[in-house]
Amino acid sequence: MTLVKDTVSAARRPRPAATATAGRPGRRRDNLAGYLFMSPWIAGFLLLTAGPMVASLYFAFTDYNLFNSPKWVGLDNFTRMFDDPRWQKSVEVTVRYVVIGTPLKLLLALGVALLLAQSRRGQAFYRAAFYAPSLIGASVSVGFVWRSLFSDGAIVDRTQTFFGWHVGGWVGNADWVLYCLVALTVWQFGAPMVIFLAGLKQVPRELYEAAEMDGAGPFRKFWNITLPMISPVLFFNVLLETIHSFQIFGSAYVVSNTYCGPADATLVYTCYLYQQGFRNAQMGFASAMAWMLLLAVALVTAVLFWSQKKWVHYEEGAR
Amino acid sequence: MSATTTTKPPVLGRRRTGSLAWHLGALLVLAIILYPVVWVVGASFKPSKDIVNSLTLFPSHPILANFKGLADGIADIRVWTFFQNSLLYAGGAVVGVLVSCSLTAYAFARILFAGRNLLFSLMIGTLLLPYHVLLIPQYVMFQKLGLVNTYVPLLVGKYLATEAFFVFLMVQFMRNLPRELDEAARLDGCGHLRTYWSIVLPLCRPALITSAIFTFINAWNDFMGPLIYLNEPGKYTVSLGLMMFRDSDGVAANYGGMIAMSLVALLPVLLFFLAFQRYLIDGMATSGLKG
Amino acid sequence: MGTSRNLERRTLLKAAGASAAALGLATTAGCGGGSGSGDGTVTIRYSWWGAEERAKKINQTIALFEKKHPKIKVKTDFQTYQSFWEKFQTQAAGGNPPDVFQNAVTFLRKYDKRGILLDLKSQAQAGNLSLDHFRAGVTKVGQVDGRQLGIPVGSNTMALVIDKKVFRKAGVEPRPGWTWDEYFKSLKTVHDRTKVAGDTGYFTIMYLYDLYLRQNGKAFYTEDGLGFDKADLTEWWTDGYNRVKAGIVTDPKVVQQDMPKSSLSAGHGASEFTWDNFTVRYSAEGDSTYGLAPIPTTDGKHTGQYLASLMLSASAHTAHPREVAQFIDFMVHDPEVGRIMGYDRGILASTEQYGAYRPADAVNKEIAQYEEDTAKSGVLGTITPHPSGADTIEAAFLRIGGDLGQGKTKVADAVKQFFTESEAAFQG
């Protein structure tokens, strides 16, 4: 039913269509055709993915600074990283961003999807309107707008002050500026919402009717039917949103005026990687950082996949 | 698409009050969501000094100075140049993604060949791979090849099907096309190329359109790629051109011009959205669901 | 299935190896800058940092140059200061730096060490470029170990810019030779009487701390390291932080907020230390009137000031050293170029250009006056050497000082962090 399940099983499970063709003659020709059709992807994979991955793994253990030829330094980059307060800070900032932003975004997406799923009147319109921010959220324009809206004396400050909680502008305030970025990602809840909505539409109505006959209230219905039924979609959203959040760059760079400050408060991981790699030319160190990011993302993915056995329900007999 | 046509949603709040609350809630979310967009429209007609601090959405005396300033360009570069560059980049990306991803998807979905499943897993794996691992070696490679400050590093991946998301989208779509079509084509003596071109591609139009629009918008919004690879202001895309309005060395930015440029930069995406929102949303929805 | 998969794995590995080899192979192929064509016309690439105003002026001067030298075409590109040096670094590393580019003392030794800079003395000896007719002392800024690595286009010196209206309102009058105590007392008066913070954040500016150290017989740098110790910096930053808390110095939150505008022009501070030729920006950005004031002193006499300069440097890799030298010569000596550029990159460095440009507006007149007065008063010393890594250290000083001002780090930690980063920068 979902991408993820599909992905996991793709390697193992023979497809009905595949078995049908397997026994036919002309298999060799299919191999040739297959690889011919695949050739752009294979070239791309080798030149732009696999090759660079090998190279960056190598750089990670060298002192490469663009000017010298890389010299092997063993684990130096990694030990330096763990001792580096700015690296620690960037990890802290990124984790906070992911841990606060992603759940908020998904909760809002799910909440609004549930709301929209209740009525058909106006649904298409709202769905489209709520989705729009996801398309423009990544643009530099919105970064500028965000900086303005969260400045001293702008709408957010005035609203907050109106409720008696004066903070001033968020963008200059090291304690608040990260929430400005969190707000920006939450604002783009439309994309996961659309996926939730599609998932909700696939929940068979009979299940609700049966539950109603058993006297279940809305909460029970949500907990016992909706949530399990959409758990694959939820899993998909959690996985993709988390992975994306770890890689935030543009919005932090633009909102913080390219410095990822103040006081490194928006120094997200990729921003520090950029500074080390492209500003200080510490390509070895930056490559080591990139591999740590890869490991972190892989770890999170693995944990999510492991945990899905406990809470993700796949329909029996889904293809 | 089948995902949208299955069962009806649970109908709960049928009563008037429920319906009213529903619309109120939806409108409230709508107001918050759209505020920044409406704000930028209004702000672009305000003098620079009022942009941040004036709370009125639309100025009582709208001015056109910000837009007139755009017509003069920035640093002897016409604003239109940035748009041309972005169009070139986005257009080139669309062509590349359509061709390379559909070929790859056809192989995955319609041809049986040794190692297909392994390659498919690898392809999906790249979907989850953080781009930053590739960033530095790719940069070093393109630099050694003398391709920095060209569009090659930005586009080459699009022509080599590295956009796994779109490959995946098309694979999903092609798998749902009836097998019998291929069989019939084969009986008529069509090779894979003919089958791909005359039968599968035309039927995949929705997936192709979705991929094309997403590719266009992604390229239009792309910031990190141009930031790293482009050096000459004359080659800048809209994203980088926009940064020029903000940037200052000595004199602070032209705030009004920056906001006006922000709006103008958003317009193509918003127009695309209005024209094709169905394709976008359905495409998005099917990425999480298989029909 | 088993065999075919193995086979595939092998091909994959092989292919991966091949691509890695291709990558390695590619590392040997460099790219020369510049180009020539059949009819003897050469094209040189000129990169600089700056913004729109400077771009327009430079484009005019290039049109002028191309008219006088029809066989030389000049291609330009520019970025902001920070992006410029990011791009420059990667280009230089790739063996493809611009043929000629804007440069500053902070970067001189860094790129000299990496063999990027052309010694222009040989071009001067060949008669393509004149090192004569410069205002006293400015050519020294571009010299390292007897080689001329940069030719100054304009000179500047650190200055204090004040919001004249606020100072007048507070009844405070800066005077030459005033001491730091008097200065900070004045700031307090300004703050007490006008509610405006006196200064926008003096303690994060490397160049100002350099002046303070010079007044006390030290300097920010020695030839190869830092010229002060942790105790010195602890004192400087502790005082700075206390002044933020006291409201005498603008809250760094506000400073961040105002960016890219300066807090002085935003009305959130009454004075700011900066390069004298930057004064123009305040009048363009803000509503008040701004003026230059003397740098406070320790002993009532010495300000520690020196002339710094923006320079033009050439790439050691350029294929057209002669044309590049001619271009630089034109850009620094031609009077018409001087009239077009004005004080955009500092007070014009050559006497031809200095004489050709008569500032018409009050701000530029004041800048010229300031630099003349400073020179006359005899406070100008020799520029502090800036070892390789000085650029990174300047940025670190600003950033860490800012963190401190936000109250995010303790002084002791900030000082430690700064020394650690400096050490890494010197090695890099």
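Me: Into which domains is chain B divided?

Reply: Chain B is divided into domain 1, covering 14–71, and domain 2, covering 79–288, the bounds being taken from an automatic or database domain assignment. This is a predicted model, in which local features need pLDDT of at least 70 and side-chain atom pairs count only at pLDDT 80 or more, while totals for chains, interfaces and linings use all residues. Residues are numbered from 1 along each chain as its sequence is written, chains are lettered from A in the order in which they are written, and side-chain values use heavy atoms, with hydrogens and water left out.

Me: How many residues of domain 1 of chain B are in contact with domain 2 of chain B, and how far apart do the C-alpha centres of the two lie?

Reply: Contact means heavy atoms within 4.5 Å, and 12 residues of domain 1 of chain B touch 13 residues of domain 2 of chain B in this sense. The C-alpha centres of these two domains of chain B lie 31 Å apart.

Me: What makes the pattern of chain B a row of α symbols?

Reply: Helices are DSSP runs of H or I with at least four residues, and strands are runs of E with at least two, both numbered from the N terminus. Chain B has 13 helices and zero strands, and its pattern along the sequence is accordingly written α-α-α-α-α-α-α-α-α-α-α-α-α.

Me: How do you know that the span of helix α10 of chain B agrees with its number of residues?

Reply: The expected span is 1.5 Å times one less than the number of residues. For the 17 residues of helix α10 (residues 205–221) of chain B that gives 24 Å, and the end C-alpha atoms are 24 Å apart, so the two values agree.

Me: Why is α10(B) called largely enclosed by the rest of the structure?

Reply: A residue is buried under 20% relative accessible area, exposed over 50% and partly exposed in between, with a 1.4 Å probe and protein chains only. Since 14 of the 17 residues of α10(B) are buried, α10(B) is largely enclosed by the rest of the structure. Of the 291 residues of chain B, 58% count as buried.

Me: Why is A:F37 called buried, and which residues is A:F37 in contact with?

Reply: A:F37, which sits in helix α3 (residues 27–59) of chain A, has a relative accessible area of 7% and therefore counts as buried. Leaving aside neighbours within four places in sequence, A:F37 is in contact with B:L103, B:T104, B:Y106, B:A107, B:I111, B:H192, B:L193 and B:Y196.
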